[in-house]
Amino acid sequence: MKTKLTKDLESTLYQYCKEQGSYVVEEVSMPDDKGIVDTLSYQQLRDDQIEWRCYELKVTKSDFHSKAKLSFIGNYNYFVLPQKLFEEVIDEIPSHIGVLIYRAFDKKAMEASPQTLVAPGFLTVAKKAQFQELQVDEKQLTSHFVASLFREVDKAKKVEKGLQLYSEDRLFKELKKRQKAGYDVYNPDNNLYDRFIEETQSDAVTALQDELDARNAEYQELKLQLQKLQQPNLEDKI
């Protein structure tokens, strides 16, 4: 599970790359069993050359020392770190690897900002990355990049469609799973089924009342029309 700080770094880096004019995607598996890079950016330069940048996000010292493979196969490669962690590991960072420092925006400043901030913080370059030749075949890397982009688009479409993608049988099975979490008789507001039944009944009552009001309005309209039809006959009798 990603921590909130990791997610903040990730979303800030995504915005940072966009502002640099790059295409960017998270969690891209590398060709030739080179691991999975946290974030990979693709930028087309003016001379039609492609520039690849790899970013590894670390939020704790144990995370930095993880045995997970570092996929620094790009032309430029960076660690993305909070300031405190950078100070702790500065002597362990290879000379050719760059560092971006993450700083969170002050909450009061965010609330006072006249514009909605698109990221929870900002990045500064603490150490520039040195250029290196791409460490994998570029065609294969492009293929992996496109596959990861498709994965993200597919996820977004599923979120947009929501529960429409699931059969009633699958939804029922999911509800049964939730039931195993327990039923709190002392705190019914937290019970999914109580809330569902209560809202369903409330919606049903509201729907029936709306239908009754509509039928009553229709009845009153017909009654008024009938009275208008009968009015000439009454005048003739008089």
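Helix α1 contributes T6, D8, L9, E10, T12, L13, Q15, Y16 and C17 to the buried residues, where buried denotes under 20% relative accessible area, exposed over 50% and partly exposed in between, computed with a 1.4 Å probe on protein chains only. The model is a predicted one, in which local features need pLDDT of at least 70 and side-chain atom pairs count only at pLDDT 80 or more, while totals for chains, interfaces and linings use all residues. Residues are numbered from 1 along each chain as its sequence is written, and side-chain values use heavy atoms, with hydrogens and water left out. Helices (H or I, at least four residues) and strands (E, at least two) are DSSP runs numbered from the N terminus.

The buried residues of α1 pack against β1 (23-29), β2, β3, β4, β5 and β6, a contact being heavy atoms within 4.5 Å. The helix comprises 16 residues, 4-19, which at 1.5 Å a residue should span 22 Å; the end C-alpha atoms lie 23 Å apart, in agreement. This expected span is 1.5 Å times one less than the number of residues. After α1 comes G21, with a positive phi near 80°.

The protein as a whole has 7 helices and 6 strands, arranged from the N terminus as α-β-β-β-α-β-α-β-α-β-α-α-α. Of its 238 residues, 27% are buried. Among contacts between residues at least 6 apart in sequence, 50% join residues at least 24 apart.

The strands may be followed in order. Strands β1 and β2 pair in the antiparallel sense over 6 bridges; two strands are taken to pair if DSSP finds at least two bridges between them. S29 has I36 in β2 as its bridge partner. The hairpin of β1 and β2 has 6 residues between the strands, and D32 there adopts a positive phi near 60°. Strands β2 and β3 are likewise antiparallel, with 6 bridges, and their hairpin has 5 residues between them, D48 in the turn showing a positive phi of about 65°.

L40 is buried, with a relative accessible area of 0%, and it stands opposite C54 in β3. Leaving aside neighbours within four places in sequence, L40 is in contact with Y23, V24, V25, V28, M30, W52, R53, C54, L141 and F145. L40 and F145 are 105 residues apart in sequence, yet their C-alpha atoms are 7.8 Å apart in space.

Strand β3 (residues 50-57) pairs with β4 in the parallel sense over 5 bridges, and L57 stands opposite V80 in β4. Strand β4 also runs parallel to β5 (residues 98-104), to which 5 bridges join it, with L81 opposite I101 in β5. Between these two strands the chain passes through helix α3 (residues 83-89), and this β-α-β crossover is right-handed: with the strands pointing away from the viewer, the path from the first strand over the helix to the second runs clockwise.

In a regular strand the side chains alternate between the two faces of the sheet. In β4, Y76, Y78, V80 and P82 point one way and N77, F79 and L81 the other, and all are buried. Because 7 of the 7 residues of β4 (residues 76-82) are buried, the strand is largely enclosed by the rest of the structure. The charged end of R53 sits over the ring of Y76, 4.4 Å from its centre; the criterion is NZ of Lys or CZ of Arg within 6 Å of the ring centre and within 35 degrees of the ring normal.

A search of the whole structure finds 9 aromatic pairs. Rings of Phe, Tyr and Trp (its six-membered ring) pair if their centres lie within 6.5 Å, and planes under 30 degrees apart count as stacked, over 60 as edge-to-face and the rest as tilted. Y42 and W52 form an edge-to-face pair, 5.0 Å centre to centre with 80° between the planes. Since Y42 lies in β2 (residues 36-44) and W52 in β3, the pair ties together parts that are 10 residues apart in sequence. W52 is buried, with a relative accessible area of 0%. The rings of F105 and F122 have centres 5.6 Å apart and planes at 35°, so this pair is tilted. F105 lies in the loop between β5 and α4 (107-112) and F122 in β6 (residues 121-127), so the pair ties together parts 17 residues apart in sequence. F105 is partly exposed at 30% relative accessible area, and F122 is partly exposed at 33%. Ring pairs also link Y23, Y42, W52 and F145 into a cluster.
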